Amino acid sequence: MTVKKELGIQEKIAAVAAGAIIISALMYWGYQFVGMLEFLEMAYE
Amino acid sequence: MELLPFFEWAETTFLGYIGKTYGGVYATFGQSLHLMALAVLGGSVLVADLRLLNVIMKDVPSEIVTEQAHKWFRIALVMIISTGIFMAAAVAQRMYHNDFFWAKMSALLVGIIFVFAIKRPLLKGSHADLNPIVIKMVASASILVWFSVAATGRWIGFSG
Amino acid sequence: MINEMLVQFAEWLYATGGSRAIEESFYLYNWIETTHVLTIMVCLGMLAFIDLRMLGYALPNVSASTIADRLNVPMMIGFALMFITGLLLFYAKPTYTNQSIWFRIKMVLLVVAFFNAIRFHRHMKASASTWCNEPRAPFNLRVSAALSLGLWAGVVTTGRLIAYDWYHCYRDLPGWLSAAAGCVAE
C-alpha cells in the first residue's frame, strides 16, 4: 500500500479536529479521575 | 445569554409534566428507550470505527461498513435525542445546575458536528485514497467522543 | 422456602467486607455501574447489528455469517465486562436486589435469551452456507433474531427499573407479587 505524502485540505481539517477531540477527552477524564483520587484521600484522613 | 428561564419553561410543558408526574412512563419511555437507543448508537459507532481501526471485519470493505453503520447511527441519534429531551424536560431545573449535564451537551454537540461536518464528508469517497493515520485518528476520536457522551450522561444521575 | 434461603444468602453476602466497601464507596460503586451501562454499547450494540443483519435491515450486502462471526468477539468481550460488573453490583446491594421484582424478571429474561442464542447459533451453523448471501435470513432465524432484540430490550428495561422500589417488600403488595419479589415474613 502506498501512502500519499501530501494530505488534502479535508484530511488536514479532520486530523486537527480528531486530534483536538482526543486530547480534550483524555484531559477531561484525566481531570475527573484526579478529582476522585483527591476525594478518596480526604475520605481516609 | 440567560438560559435558566428556558429550563424553567421546559418543566411546565406537557412533556415535562408527563415525565414529572408518571414515574413509570419516565423510567420506561424515557430511560429504558434511551438505553436501547444507546445500544444501537454504540453498535453503529463501534462497528464503523473498529473497522476503520482495522480491528474487526477486515475482510469487508470499510466503505460498505461505514455507510451502513451511519444509516443506523442517524436512526439511533434521533431516538436518543428525543428520549433525552423527554427525560431532561421533567428535571430541567436540576439539569441546569448539573455540571455533567453541560459536559454531556458539549460533548454531544462536538460529536454531532464532528460526525456530520468532518467524518462523513471525509469517508464519502474511496478510503484507499486517504491517509491511514488520519482515518485511525478520526475513528479513535469518534469512539472517545461518543463514550464520553454516554459516560457523562450516566454521571448526571450520580451528582445531585 | 427458596425465598428464605435467598434472603439468608443475600444477608450473608451483605455482611462481607467487600460488599460494604463497594456500596459505601461513591466512586467505586458509580464507576462499576457506569461500566455496566456503557458495555451496552459494546455487547448489545454488536448484538443489535447481528440481529438487524438477520432481519435484513443492516449490511444486507455483506454475508450474514461473516457479520455474525466477526462481531461475535467484541460482543462476547462486552458481555464478559457486563457480566462481571453486574455480579459486582449485585454483590454491593444483595439484599435490595434479591427482593427486586425487576431483577427477578431480568434474570428470567436472561435465561430465555441464553437458550434463544443457543438455538440461533445451532440453526445458523447448520444452514448458513445456503443463504448467508441473501439479504434476509430464513424465517425461523428471523424469529430468533427478533426474539433476541425483544428479550434484550426487556433486560435493559427491567435492569433500569431495579433502581425503582415501587414494588418492594416494604410496600403494600398483593400476595402473589410479594412471593414473586421474594418477600419473607419478618
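What is the accessible surface of chain B, and how much of that surface belongs to carbon and sulfur atoms?

Modeller: The accessible surface of chain B comes to about 7,000 Å². Carbon and sulfur atoms account for 70% of that surface. Areas come from the Shrake-Rupley method with a 1.4 Å probe; for residues, only the protein chains shown count as cover.

Some ground rules. This is a predicted model, where local features need pLDDT of at least 70, side-chain atom pairs count only at pLDDT 80 or more, and totals for chains, interfaces and linings use all residues. Residues are numbered from 1 along each chain as its sequence is written, chains are lettered from A and ligands numbered from 1 in the order written, and side-chain values use heavy atoms, leaving out hydrogens and water.

Now the chain. Chain B has 7 helices and 0 strands. Helices (H or I, at least four residues) and strands (E, at least two) are DSSP runs, numbered from the N terminus. The C-alpha trace spans about 55 × 35 × 25 Å along its principal axes. Of the 160 residues in chain B, 56% count as buried. Buried means under 20% relative accessible area, exposed over 50%, and partly exposed in between (1.4 Å probe, protein chains only).

Next, the charged pairs. A salt bridge puts a side-chain nitrogen of Lys or Arg within 4 Å of a carboxyl oxygen of Asp or Glu. Over all chains, the count comes to 8.

Start with K20(B) and E11(B). Their closest N and O atoms are 2.2 Å apart, in a salt bridge. K20(B) counts as partly exposed because its relative accessibility is 46%. E11(B), at 13%, is buried. E11(B) also touches A89(B), a residue of helix α4 (residues 62–90). Contact here means heavy atoms within 4.5 Å. A89(B) is buried too, at 7%.

K119(B) and D49(B) form another salt bridge, 2.8 Å from N to O. K119(B) lies in helix α6 (residues 99–123) and D49(B) in helix α3 (residues 23–52) of chain B, so this pair ties together parts 70 residues apart in sequence. Both K119(B) and D49(B) are buried.

One pair leaves the chain. R154(B) forms a salt bridge with E33(C), with the closest N and O atoms 2.5 Å apart. That pair crosses between chains, from helix α3 (residues 26–55) of chain C to helix α7 (residues 132–158) of chain B. E33(C) is buried at 16%, and R154(B) is buried at 17%. Salt bridges that share partners also join D59(B), D69(C) and R70(C) into one network.

Methods: Lists of a residue's contacts leave out its neighbours within four places in sequence.
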